[in-house]
Amino acid sequence: MTSILKSSNGWHASKDPAEIGIKSYPIPGTTIKIRLAEKAAPLLVALAAEWHKLVEPIDAGTLDTWGYAFRPIRGQTEKLSNHASGTAIDFSANAHPLGKADTFTPEQCKTIRAITAKYGCRWGGDYVHRLDSMHAEINLTPKEVIERIKALGLDNKK
Ligand SMILES: [Zn+2]
């Protein structure tokens, strides 16, 4: 008997990307693709496109923006990161290292908070215990994600 693995936001996580519907999504307006869980992708793709347009370009220089990765939360051994369920994205990791404050301007922070909230996500730059400014993750249940996608009209755009 195997139990279903979950990442910290409660989404199904797996070492096998196919098992949880991980696909590679082109981000509109950029040259990159990000691997994400199919069910959460409409929100995360829209978030990434707005991050690129309104916060900072995510396809400049070395590729350091990514989604799915099967791994524990860094610094912890037991809890799986939301990257393990394909429901989190790290944006421009090199410019916004883990634990480093003030890598975004106050104006950028304001924009990030607005767009992450819009797409049902939580921003790692607001973590109290350990700052993770590159990171945004789905902060809704799968059912709430379906509702949010509908409410934003993202289900018609195919
Ligand atoms: Zn991350």
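**Cysteines**

I looked up Cys121 and found its sulfur 16 Å from the closest cysteine sulfur, in Cys109, which is too far for a bond. I am working with a predicted model, where local features need pLDDT of at least 70 and side-chain atom pairs pLDDT 80 or more, while totals for chains, interfaces and linings use all residues. Residues are numbered from 1 along each chain as its sequence is written, and side-chain values use heavy atoms, leaving out hydrogens and water.

A reminder to myself: a disulfide is a covalent bond between the sulfur atoms of two cysteines. I counted a disulfide as a pair of cysteine sulfur atoms within 2.5 Å. By this rule I got zero disulfides. Cys109 is in none.

Are these cysteines buried or exposed? I call a residue buried under 20% relative accessible area, exposed over 50% and partly exposed in between (1.4 Å probe, protein chains only). Cys121 is buried at 9%, and Cys109 is buried at 15%.

**The sheet**

Next I turned to the strands (DSSP runs of E, at least two residues; helices are runs of H or I, at least four; both are numbered from the N terminus). Three strands form an open antiparallel sheet in the order E3-E5-E4. Two strands pair if DSSP finds at least two bridges between them. The edge strands are E3 (88-90) and E4 (121-123).

Which residue in E5 is the bridge partner of Ala88? I found Glu137. Three bridges join E3 to E5 (residues 135-138).

**A helix on the sheet**

Helix H1 (residues 41-55) packs on the sheet and touches E3, E4 and E5. Contact here means heavy atoms within 4.5 Å.

Note on methods. Axes fitted to C-alpha atoms, helices over the stretch in contact; angles between N-to-C directions.
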